[in-house]
Amino acid sequence: MQKAQEEFQSFSPPYEKYRISNFGRVFSVEKEMKPYLQKNGKYLSAVQILSRMEDGKRERKIVHIANEVYTRFGIGWREGCHVFHVDGDIKNNQIDNLRICRGYTDVPNDLQVGRADEIIPCVKH
């Protein structure tokens, strides 16, 4: 099996100085940003990106890395779905480790007992 190549996409203005990869890495110019864990019901791996607006004010945006990686490098978002990590490690945001699912309560445990309604693989082919 061929190892995946790391691909990058830039964020839209006014955050164009930031890039994200299909391996779940976020960069500001050429420096890799360190994600932190944000408690939002469950813990999420996130980074905070900043921009200076035309009026001189700074605007900040919290980026949930798994959602952003899936949206940019997956097969497309579906309404009512949630991103989950196949291996259960919320720090592993590589596209190959992400899936979306409908109707779950505790993924990946529900995968093991068949309670997830629908599992949707995310890698583009």
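**Close-up views of a predicted model**

View 1. Leaving out neighbours within four places in sequence, N97 is in contact with F84, H85, V86, D87, D89 and N92. One of these residues, D87, also meets N97 through a polar contact between the two side chains, at 3.0 Å. N97 itself belongs to the loop that links strand 8 (82-85) with strand 9 (98-102).

**View 2. The whole chain, for orientation.** The protein chain contains 2 helices and 10 strands. Read from the N terminus, the order is β-β-β-β-β-β-β-α-β-β-α-β. Of the 125 residues in the protein chain, 33% are buried. The chain exposes about 8200 Å², and carbon and sulfur atoms supply 47% of that area. If we take contacts between residues at least 6 apart in sequence, 37% of them join residues at least 24 apart.

**View 3. Helix 1 and its covered residues.** Helix 1 spans residues 65-73 and is mostly covered, with 7 of its 9 residues buried. Which residues of helix 1 are buried? They are I65, A66, E68, V69, Y70, R72 and F73.

**View 4. The largest nonpolar core.** Here we look at a core of 19 residues, the largest nonpolar one, in which F11, I20, V26, V47, I49 and V69 have the most contacts. At least two residues each come from strand 2, strand 6 (42-52), helix 1 and strand 9. Helix 1 gives the most to this core, namely 5 residues.

**View 5. F11 and the residues it touches.** F11 is one of the core residues with the most contacts inside the core. Setting aside residues up to four places away in sequence, F11 touches E16, Y18, R19, I20, V26, I49, V63, E68 and R72. Two residues in that list, E68 and R72, are among the buried residues of helix 1.

**View 6. A cis peptide bond between two prolines.** The peptide bond from P13 to P14 is cis, with omega near 10°. To find this spot, look in the loop between strand 1 (8-10) and strand 2 (18-21), where P14 is found.

Conventions:
Residues are numbered from 1 along each chain as its sequence is written. This is a predicted model: local features need pLDDT of at least 70, side-chain atom pairs count only at pLDDT 80 or more; totals for chains, interfaces and linings use all residues. Side-chain values use heavy atoms; hydrogens and water are left out. Buried means under 20% relative accessible area, exposed over 50%, partly exposed in between (1.4 Å probe, protein chains only). Helices (H or I, at least four residues) and strands (E, at least two) are DSSP runs, numbered from the N terminus. Contact means heavy atoms within 4.5 Å. Accessible areas come from the Shrake-Rupley method with a 1.4 Å probe; for residues, only the protein chains shown count as cover. A polar contact is a pair of N or O atoms within 3.5 Å; within protein, one must be able to donate a hydrogen and the other to accept it, and residues adjacent in sequence count only if both atoms are side-chain atoms. A nonpolar core is a set of buried Ala, Val, Leu, Ile, Met, Phe, Trp, Tyr and Cys residues joined through side-chain atoms within 4.5 Å.
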